[in-house]
Amino acid sequence: MNKKTFLQKYGPWGIIAGGALGIGRAYSEYLAKAGLNIFVLDHNELGLAQTVEELSKAYQVQVKSLVLDLGAENILEQLTPYTQDLEIGLVVYNAAVTDIGGFYQNNLEYELKKLAVNCRGPLVLAYHFGKKMVQRRRGGIVLMGSGSAMAGAPFYTHYAATKAYDVVLGEGLWYEFKPANVDVLSVIPGMVWSSTTQEVFNTERVKKWGYIMKAEDVVRQAMAQLGKRPSYAPGFINRVGFFVLRLLGRTATIKFIGKNALFNFFEGKRPDIL
Ligand SMILES: NC(=O)c1ccc[n+]([C@@H]2O[C@H](COP(=O)([O-])OP(=O)(O)OC[C@H]3O[C@@H](n4cnc5c(N)ncnc54)[C@H](OP(=O)(O)O)[C@@H]3O)[C@@H](O)[C@H]2O)c1
């Protein structure tokens with residue numbers, strides 16, 4: 001899609017929730033390069049300041065930012081004073097609480113925070129800004145799912161469950177919002193180098209056997225599919241892998257994901273249940 005069409009469809013402002021680092025930063029840069037003014041939300045104050053400085057210098061667009069905890073209950077109340085006069089044509093919800101380990105490795109409060117950042121946040125932004133887009137009869141929403149969401153994913157069980165929520169939310173909205181000319185895409189990445197994963201993926205086995213994509217490639221490939229389909233897995237190898245797992249069925253897939261996690265991240269030994 002050329003720059004003019006992109007701006008007409010999704011401009012003049014794009015919000016990137018969790019847009020300071022990693023995949024989020026790549027989204028922020030992609031949108032700025034495409035000519036959108038960007039409003040970057042993130043709780044990482046330092047990362048946010050650096051991203052804003054770099055992108056403001058590099059691109060002739062307006063760059064605004066807000067330090068915001070996307071797990072907070074009142075994100076809309078915090079956001080509204082800054083967004084009420086902006087025409088938001090595109091929302092990318094990228095932030096997530098991510099971890100690997102047994103189900104009880106963290107307390108319930110932490111898991112509820114994960115639920116808020118990974119599910120409540122995308123719902124609130126999609127509901128609020130999506131409504132305005134539908135009224136305007138144009139716009140786009142991008143939600144970040146995960147390949148882990150295709151079946152139960154042992155040792156990142158709750159994370160994967162939250163990502164399944166994101167995938168299904170976006171896919172349903174894709175169909176509902178289509179008549180209003182609002183494009184919705186659920187992105188289903190495999191492994192990606194990012195601020196969150198640079199340490200986690202740094203095991204010998206993952207580096208040797210894993211297919212780990214660059215954040216910029218994920219974003220470029222995903223954005224090319226916005227408006228074309230309900231969901232998309234960047235990376236041909238990922239698409240083949242997910243297809244094969246689907247053929248195997250859910251039980252075999254769950255076992256595969258569980259064993260893979262054990263060998264990738266726990267040297268083959270199950271972490272204690274409690
Ligand atoms: N990386 C992968 O391999 C992979 C695979 C599948 C799906 N995904 C999905 O892709 C998305 C981004 O991936 P990523 O985890 O690798 O992260 P990332 O894009 O590198 O960074 C996410 C950004 O969001 C910020 N953030 C996290 N929690 C926040 C909160 N409560 N409020 C505001 N900002 C917050 C992070 O800050 P801090 O870093 O300071 O917390 C960071 O700046 C997630 O939705 C994830 O589920 C990633």
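**Close-up views of a predicted model**

**Figure 1. Surroundings of W174.** Apart from its neighbours within four places in sequence, W174 touches V184, R229 and P230. The model shown here and in the views that follow is a predicted one. W174 belongs to helix 6. Its relative accessible area is 22%; because buried residues have under 20% and exposed residues over 50%, W174 is classed as partly exposed. Along the chain, W174 and L185 are 11 residues apart, and their C-alpha atoms are separated by 6.6 Å.

Figure 2. The ligand is surrounded by 32 residues, of which D42, N94, Y159, S194 and S195 are the closest. By class, this shell consists of 14 nonpolar, 15 polar and three charged residues. Several polar atoms of the protein can be located beside the ligand. A polar side-chain atom of D69 is found 3.0 Å from a ligand nitrogen atom. A polar backbone atom of L70 lies 2.8 Å from a nitrogen atom of the ligand. For N94, a backbone N or O atom is 2.7 Å from an oxygen atom of the ligand. On its own, the ligand has 890 Å² of accessible area, and the protein covers 91% of it. Helix 2 (22-33), helix 6 (157-177) and strand 7 (191-192) each give two or more residues to the shell. The largest share, three residues, is that of helix 2.

Figure 3. G18 is placed in the loop that runs between strand 1 (13-17) and helix 2. Is G18 buried or exposed? Its relative accessibility is 7%, so G18 counts as buried. Beyond its neighbours within four places in sequence, G18 is in contact with G24, L41, D42, L70, N94 and A95. Two of these residues, D42 and N94, are also among the closest to the ligand. F39 is 21 residues from G18 along the chain, with 11 Å between the two C-alpha atoms.

**Figure 4. The largest nonpolar core and the place of F6 in it.** The largest nonpolar core contains 34 residues, and those with the most contacts inside it are F6, Y27, L31, I38, L90 and M223. Elements that give two or more residues to this core include helix 1 (3-10), helix 2, strand 2 (37-42), strand 4 (88-93) and helix 9 (215-223). When neighbours within four places in sequence are left aside, F6 is in contact with M1, G11, Y30, L31, A34, L36, L90 and M223.

**Figure 5. T253 in helix 11.** T253 is part of helix 11, which spans residues 250-265. Which backbone oxygen does the side chain of T253 reach? The side chain of T253 lies 2.9 Å from the backbone oxygen of L245. With neighbours within four places in sequence set aside, the contacts of T253 are M150, A151, L245 and L248. The relative accessible area of T253 is 2%, and T253 is therefore buried.

**Figure 6. Q60 in a loop.** Q60 is located in the loop between helix 3 and strand 3 (63-67). Why is Q60 counted as exposed? The reason is its relative accessibility of 80%, because exposed means over 50%. Q60 and C119 are 59 residues apart in sequence, and their C-alpha atoms are 33 Å apart in space.

Definitions and conventions
Residues are numbered from 1 along each chain as its sequence is written. This is a predicted model: local features need pLDDT of at least 70, side-chain atom pairs count only at pLDDT 80 or more; totals for chains, interfaces and linings use all residues. Side-chain values use heavy atoms; hydrogens and water are left out. A residue is near a molecule or strand if one of its heavy atoms lies within 4 Å of it. A polar contact is a pair of N or O atoms within 3.5 Å; within protein, one must be able to donate a hydrogen and the other to accept it, and residues adjacent in sequence count only if both atoms are side-chain atoms. Accessible areas come from the Shrake-Rupley method with a 1.4 Å probe; for residues, only the protein chains shown count as cover. Helices (H or I, at least four residues) and strands (E, at least two) are DSSP runs, numbered from the N terminus. Ala, Val, Leu, Ile, Met, Phe, Trp, Tyr, Cys and Pro count as nonpolar, Asp, Glu, Lys and Arg as charged, and the others, Gly among them, as polar. A nonpolar core is a set of buried Ala, Val, Leu, Ile, Met, Phe, Trp, Tyr and Cys residues joined through side-chain atoms within 4.5 Å. Buried means under 20% relative accessible area, exposed over 50%, partly exposed in between (1.4 Å probe, protein chains only). Contact means heavy atoms within 4.5 Å.
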